[in-house]
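Grab a pencil and work through these exercises with the structure open beside you. Try each task yourself before you read the solution.

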Amino acid sequence: MINHVVLFKLKDFPDREKQEVREKIKSSLEGLWGKIDELKYIEVGLNIELNTQAYDISLITHFENKAGLEAYSVHPEHLKVVGYIRASTSARAAVDYSF
């Protein structure tokens, strides 16, 4: 199995807008469940603090193998979400590992 972990830092938004962006990203990512066969598990977390220097959103996904992760990365449904995330974030960190 492959564990794909991603952290996102949002751009500077006013508090209310930041909360709305966080929620939209969370629901959009969770909405991938059932749409991409290779996606075996998904968990999206929002940092408990709205205004922090730390990352704002975490994503944990599982895939049976590297080919599954690669199929997910180019899947049209995933790419729709990626477009919104890229427009809303200033930084991203990721790690993929076998478990």
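**Exercise 1.** Find out in which helix K26 sits and what the K26 side chain touches.

*Solution.* Step one: K26 belongs to helix α1; helices here are DSSP runs of H or I with at least four residues, strands are runs of E with at least two, and both are numbered from the N terminus. Step two: the K26 side chain makes a polar contact with the side chain of E30, at 2.5 Å. (A polar contact is a pair of N or O atoms within 3.5 Å; within protein, one must be able to donate a hydrogen and the other to accept it, and residues adjacent in sequence count only if both atoms are side-chain atoms.) Step three: leave aside neighbours within four places in sequence, and K26 is in contact (heavy atoms within 4.5 Å) with V44 and L46.

A word on the model: it is predicted, local features need pLDDT of at least 70, side-chain atom pairs count only at pLDDT 80 or more, and totals for chains, interfaces and linings use all residues. Residues are numbered from 1 along each chain as its sequence is written, and side-chain values use heavy atoms, with hydrogens and water left out.

**Exercise 2.** Work out which residues of α1 are buried and why they line one face.

*Solution.* Start with the list: K18, V21, R22, I25, K26 and L29 are buried in α1. (Buried means under 20% relative accessible area, exposed over 50%, partly exposed in between, with a 1.4 Å probe and protein chains only.) Now look down the axis of α1: these buried residues fall within an arc of 130°, so they line one face. The arc is taken from the directions from the helix axis to the C-beta atoms. Turned away from that side are the exposed R16 and E20. Finally, the cover over the buried residues includes β1 (2-10), β2 (41-46), β3 (57-63) and α3 (76-88).

**Exercise 3.** Describe how β3 pairs with other strands.

*Solution.* First, β1 and β3 are antiparallel, over seven bridges, and V6 stands opposite L59 in β3. (Strands pair if DSSP finds at least two bridges between them.) Next, β2 and β3 are also antiparallel, over six bridges, with L46 opposite I57 in β3. As for cover, five of the seven β3 residues are buried.

**Exercise 4.** Which residues of α2 are buried, and which residue caps its N-terminal end?

*Solution.* G68, L69 and Y72 are the buried ones in α2 (residues 66-74). On the other side, K66 and V74 are exposed. The cap is N65: one of its side-chain oxygens lies 3.2 Å from the backbone nitrogen of A67.
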